Amino acid sequence: MLMRNKHYNSKKEKRFNLEKELKHAFDTPPPARKEQFINRLDYPRASRFEFISSQIGYIRKRVWICSLVLFMITLICLYSTKASVSLIWVVSSAFPFISLLSISEIAKSTTYNMEELEMSCKYNLLEVSLIRLGILGLANLALLIGIMLLLTCKTDFGLDFGFIRLGLYLLTPYLLNCYGTLFVINRLQSRETMYFCGAVTTFVSALNILLATQVDEIYTEKYRICWDIAFIILVIFCVKELVKLFKKMEELQWNSSLTA
Amino acid sequence: MELVIDRLTKQFKNKIAVDRISLTLHEGVYGLLGPNGSGKTTLMRMICGVLKPTSGEVKFNGIDVSREEFRDALGYLPQDFGYYPEFTAYDFLLYLASLKGINKSRAKEKATELLELVSLSDVAKKKIRTFSGGMKQRLGIAQALLNNPKLLVLDEPTAGLDPKERVRFRNLISRLGKDRIVLLSTHIVSDVEYIASVILMMKNGQIIHKGRLEEIIDVIEGKVFECSVDSRTAEHLIANYPIINIREESDKTFLRLVADKTPCETAVAVPAVLEDLYMYYFNKEVKKCE
Amino acid sequence: MSLNLQDQYDKIYKYCYFKVKNKEIAEDLTQETFLKYFNRKPRINRGKNLAYLYTIAKNLCIDFYRERGRSDALYVHDDKVQLQSSNSDEVSKFEINYAVRQAVSMLPVDLQELLLLRYANELGINEIANIMNISRFSVYRKLNKALDLLKTVLREEGF
């Protein structure tokens, strides 16, 4: 029972603090097995499919934007100017930049020193990189086919070269760039790697433009064999460099800083 | 719960970084203590599957280190790590959570919870590139806990943390060690002294000492002496005994050293601490005495 | 809208304890609630996570009653919470708390539940409406009714 002289004050306080009191009106003795339960809680896993789709989200937007831009430009050129053979080398000179963006995405973990962390995860570095390769490979292929369809439908190229040949002309500089950038990435481990790759891409692009403009009839029967051989060689070399890259992702590469 | 390391070896060219180490670990906190170059990081990398051993095996509850289930139960904080340029702390945790196979809604909950745990809630949406070393380190600790790992491997986790953060970290690790295996490596003796239940001392790729703090200190208990002597005696002592601490005072030199018997008249035996053992083993000027 | 596990565990425990009045069983039900929550298959709207969590708890408590029956003889009531206090400030706090608890326990059970969800567990009106399966308006009405009843009772006690 409260003391008389505190009565008046307490009355006011009580009404004000009813809500505060209610906060503690249901207090219980603390749960006994909380820490143990929380520590041992097995979280629900995401399925592989969910993981793959989440990885799509982690591919930087610039890859999609540039692909779209290239496609749009091709579309615009086809409709606005008279399509000529020059469109081929224009597009095929832009394609290496898509390759640069794609390869830099695939090698992202190495460039930003996330390798070690990613290697220790459930879906490790190798898996993540393979998935990126798959997604970007498909995306690039879709872009290529899209552009080829545009070109063959809207022009006479289909009659002149055939679908396959056109693909070859567009793909070869792209492959050359893939090889060049992979070559750099596999041998150079520094912050400047991406700048070197940028330089390689610019070189490939310029080389392509040069060849196409300086060498007459570059897209005719005269040089057909050259294109075929170049293509086959580049495919082989690209695959070799890709395999090399992925082998490196299985474990941390030894260098002098590793003996700690 | 059991982590079995069986004759684990790593050889680089002609240097053996880890030399046939065999260990069995159970629940609790294990402190791996040793100087730089002793092979601690190499050992930890092999335990995490980041480095392939030259020979030997690592198994957690019978699951080999190369399998996905092993990594599922693993949380790892490397000595150094990067981040994707535009990531915020929150993004970083969500990304790693997705790599650890945690579904999106749970990942968001866990990320928020962990950021709170390491006191990074107020910078959760800030870019990592604005972070200080200590903040990045705390973020690293947070990511290691995302999948509630049964095996937690932390390489130099207290590097860059200020004393207050260190204390918080120690408390966190003590709590975590109750239900899981925690292996942390450091060259800071005080970290290990307070939280590890078992101490592993590593030198030149081998575990030279293993046991509870009291057990391993026993080796030099009664052999640690302190004295204040003149400079001539000091020189003599320095030349003949492993010195743990030297302090120049006005006219005398204060020495703390290890000796089997009393090294000089004025020497007093003092209780040994882990630091003494560390210096005794890892002091390069160790000379054979007696 | 994320669940702080540490926090929510305590709150769900409080809720289950309110329903079953037994420490062990309340904790069992709490843990089962979380297990069910984390293993749920269909994606629930973000905003409704908390309500869903409580709904699971509520249903588990109902199932418990159904299985065990409402007979007191079948499970053990815990003793009332004992508060030890030594100085007069704490004594009066204890008395206030005790009086409020007593007053609350005299209310109809559904009103008690509302008070727990709103004031002890700090849920929003929307969430409470979802959990109790009544309209927002009902929630407000019942809360006010509960508060009025409490004030009346407490006034009579001299508070």
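Colleague: What pattern does chain A follow when it is read along the sequence?
Modeller: This is a predicted model, in which local features need pLDDT of at least 70 and side-chain atom pairs count only at pLDDT 80 or more, whereas totals for chains, interfaces and linings use all residues. Residues are numbered from 1 along each chain as its sequence is written, while chains are lettered from A and ligands numbered from 1 in the order in which they are written. Elements are DSSP runs numbered from the N terminus, a helix being H or I over at least four residues and a strand being E over at least two. Chain A has 13 helices and 0 strands, and along the sequence its pattern reads α-α-α-α-α-α-α-α-α-α-α-α-α.

Colleague: Among contacts in chain A between residues at least 6 apart in sequence, what percentage join residues at least 24 apart?
Modeller: Two residues are in contact if their C-beta atoms, placed from the backbone, lie within 7 Å. For chain A, when contacts between residues at least 6 apart in sequence are taken, the part joining residues at least 24 apart is 77%.

Colleague: At roughly what angle do the axes of helix α4 and helix α9 of chain A cross?
Modeller: Two packed helices are described by the angle between their axes and the distance between the axes. The axes here are lines fitted to C-alpha atoms, for helices over the stretch in contact, with angles running from 0 to 180 degrees between N-to-C directions. For helix α4 (residues 48-58) of chain A and helix α9 (residues 125-154) of chain A, the axes come within 10 Å and cross at roughly 70°. Angles under 35 degrees count as roughly parallel, over 145 as roughly antiparallel, 65 to 115 as roughly perpendicular and the rest as oblique, so α4(A) is roughly perpendicular to α9(A), the angle being roughly 70°.

Colleague: Which residues of α5(B) make the contact with α3(B)?
Modeller: Helix α3 (residues 89-99) of chain B and helix α5 (residues 133-144) of chain B pack at an angle of about 30°, with their axes 10 Å apart, which makes α3(B) roughly parallel to α5(B). The contact is made on the α3(B) side by A89(B), F92(B), L93(B) and L96(B). Its residues divide into 6 nonpolar, 1 polar and no charged, and α5(B) contributes L139(B), A142(B) and Q143(B).

Colleague: How many residues does the contact take from chain A?
Modeller: Chain B brings 37 residues to its contact with chain A, and the elements of chain B giving two or more residues to this side are β2 (15-25), α1 (40-47), α2 (68-72), β6 (74-77) and α3. That side of chain B has 16 nonpolar, 11 polar and 10 charged residues. From chain A, the contact takes 32 residues.

Colleague: Is R191(A) buried or exposed?
Modeller: R191(A) lies in the loop between α11 (163-187) and α12 (193-214) of chain A, and its C-alpha atom is 6.9 Å from that of T111(A), 80 residues apart along the chain. A residue is buried if 20 or more other C-beta atoms, placed from the backbone, lie within 10 Å of its own, exposed if 12 or fewer, and partly exposed in between. Since R191(A) has 9 other C-beta atoms within 10 Å, it is exposed.

Colleague: What is the phi of R7(B), roughly?
Modeller: Most residues other than glycine have a negative phi. R7(B) is found in strand β1 (residues 3-12) of chain B, and it counts as exposed because it has 12 C-beta neighbours inside 10 Å. Although R7(B) is not a glycine, its phi is positive, at about 45°.

Colleague: Among the elements of chain C, which has the lowest mean pLDDT?
Modeller: The predictor's confidence in each residue is its pLDDT, from 0 to 100, and chain C averages 80, with 77% of the residues scoring at least 70. Over residues 72-77 of chain C the pLDDT is below 50, and this stretch has 8 contacts in the model beyond near neighbours in sequence. Helix α5 (residues 109-120) of chain C has the highest mean, 90, and the lowest, 76, belongs to helix α4 (residues 88-105) of chain C.

Methods: Nonpolar A, V, L, I, M, F, W, Y, C, P; charged D, E, K, R; others polar.
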